[in-house]
Amino acid sequence: MNIKELHSKIETRKAKLAVIGLGYVGLPVAGMFAEAGFDVLGIEIRPERVEKINAGKSPIEGEEPGLAELMARVAKTGKLHATSDYAELRQHDVILIDVETPVDETHVPRYEALRAALTSLAPVLQPGALVIIESTIAPGTMQNVVLPLLEKGSGRKVNEGFYLGNCPERVMPGKLLVNLRTLSRVVGGGSTETAETMCALYRYVVQADLDPADWITAELVKTVENAYRDVQIAFANEVALICEELGGNVWKVRELVNKSPYRQMHLPGAGVGGHCIPKDPWLLAYGVQGKAVPLRIIPSARAVNDGMPAHIVDLVQRALTKAGRSIAGSRILVLGYAYLENSDDTRNSPSEVLVDNLKQMGAEVVVHDPWVAEFNTDLWQKAQNSDAAVLMTAHSVYKTLDLAVLKQALRTPILVDGRHVVDETNARAAGLDYYCVGVSA
Ligand SMILES: NC(=O)c1ccc[n+]([C@@H]2O[C@H](COP(=O)([O-])OP(=O)(O)OC[C@H]3O[C@@H](n4cnc5c(N)ncnc54)[C@H](O)[C@@H]3O)[C@@H](O)[C@H]2O)c1
């Protein structure tokens with residue numbers, strides 16, 4: 001099969017698709033292509049996920065509009081089938097790869113999942129198939145990691161025996177389906193024809209611009225857009241610390257700064273988490289490792305954002321000292337363990353760092369999170385006899401928290417707001433000693 005034949009197979013929806021890695025990204029992608037009328041095979045190494053997906057259930061617990069219904073529909077039509085067996089891939093025309101791509105403590109990409117997926121795929125790749133990497137990868141990875149693994153494992157050459165592209169996802173948990181449909185995509189092809197064929201495929205699910213490009217451009221755009229966000233958040237966090245020292249209020253300052261033309265200051269907060277923003281700047285940096293590019297802004301931004309949970313510890317310490325207590329021996333209630341509001345995603349969560357720090361300092365820590373099964377037990381019971389409540393995630397339930405009941409339940413009535421979720425006047429009216437990131441106390 002050549003690229004023209006593959007193109008027309010896609011245009012007639014006869015192409016058989018596969019998605020490797022059915023997590024936050026791969027699952028909705030598989031579901032949407034199945035809904036668009038393609039036969040989709042999902043390859044996932046976690047057997048409990050495979051079982052749930054084949055039973056028409058979404059394994060994602062957070063608030064994810066439309067996903068549970070989509071999973072039920074595509075299971076019913078039989079258009080999506082999941083398995084852990086790579087041998088089932090032999091007949092497939094397009095294979096999308098959506099496995100995790102974290103970095104380690106030294107900020108080096110951990111491509112174990114990506115390598116494993118490619119190594120298992122290559123021997124069963126049918127001639128003329130198209131492989132698309134949707135995972136976020138460091139610039140240069142297509143050329144230096146993906147291509148050699150596929151060529152060696154399949155015994156074929158790119159653009160002759162198979163086709164290769166990358167189309168990084170831009171989704172965010174909580175908005176997976178709407179993001180997939182409405183956000184534009186950079187479509188990196190190993191040739192112009194490959195990029196065109198990829199655009200023909202994505203047109204079935206994406207109702208926004210599809211921008212054809214080459215591999216390196218697609219890799220750069222994805223990692224740059226997330227590094228950009230990290231740097232902007234770090235700037236807001238640094239301004240928050242300045243405001244606390246100088247008797248200001250970062251939330252008011254931000255509002256007024258953004259009235260000035262061309263200023264779009266981001267939101268400060270208790271830290272940055274998830275599987276994208278904390279690691280994609282490191283993927284970008286890794287792309288130029290060993291080259292003569294002095295990286296200053298990107299690592300500094302990471303350091304500022306990684307330091308925010310420790311700053312929240314400082315606020316807790318300050319509040320407890322004023323109340324005649326210390327962190328050691330206090331019981332502290334942490335509100336929110338997921339990194340993002342109304343999500344169950346706890347990867348790289350700032351709350352994890354906060355909890356570890358508080359425990360190391362001798363506190364008893366209790367955690368509540370309505371979306372994380374491990375912590376989803378009675379909030380008020382947890383608040384009983386606590387010496388401070390620390391709000392780390394802007395979950396909807398915390399926005400409507402009964403502050404009078406919270407004050408009643410706490411042993412020491414301290415509320416530290418890491419997300420500017422609670423109105424200061426209301427908190428004080430309820431009798432809480434209120435602290436907020438970016439607000440001088
Ligand atoms: N989570 C996000 O918001 C988001 C947004 C945009 C891009 N991305 C990128 O998309 C990629 C996937 O992220 P995610 O959040 O979906 O990760 P995830 O951990 O939720 O999903 C990855 C899935 O791949 C499976 N897997 C791992 N190795 C496998 C293998 N060899 N064969 C088959 N399945 C395998 C895992 O079990 C897991 O279910 C990453 O590169 C990430 O940076 C994530």
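**Exercise 1.** Which residues is Val-145 in contact with, leaving aside its neighbours within four places in sequence?

*Solution.* Start with the model. It is predicted: local features need pLDDT of at least 70, side-chain atom pairs count only at pLDDT 80 or more, and totals for chains, interfaces and linings use all residues. Residues are numbered from 1 along each chain as its sequence is written, and side-chain values use heavy atoms, with hydrogens and water left out.

Step 1. Contact means heavy atoms within 4.5 Å. Val-145 is in contact with Tyr-111, Arg-115 and Gly-140.

Step 2. Take Arg-115. Its C-alpha atom is separated from that of Val-145 by 8.0 Å.

**Exercise 2.** Is Val-145 buried or exposed?

*Solution.* Buried means under 20% relative accessible area, exposed over 50%, partly exposed in between (1.4 Å probe, protein chains only). Val-145 has 12%, so Val-145 is buried.

**Exercise 3.** Find the helix that holds Val-145, then describe how helix α5 meets it.

*Solution.* Step 1. Helices (H or I, at least four residues) and strands (E, at least two) are DSSP runs, numbered from the N terminus. Val-145 lies in helix α6, residues 141–154.

Step 1. Look at the partners. In α5, Leu-114, Arg-115, Leu-118, Thr-119 and Leu-121 meet Thr-141, Val-145, Val-146, Leu-149 and Leu-150 of α6.

**Exercise 4.** In which sense do strands β7 and β8 pair?

*Solution.* Two strands pair if DSSP finds at least two bridges between them. Strand β7 (residues 185–189) and strand β8 (residues 210–213) have four bridges, in the parallel sense. Val-186 stands opposite Asp-211 in β8.
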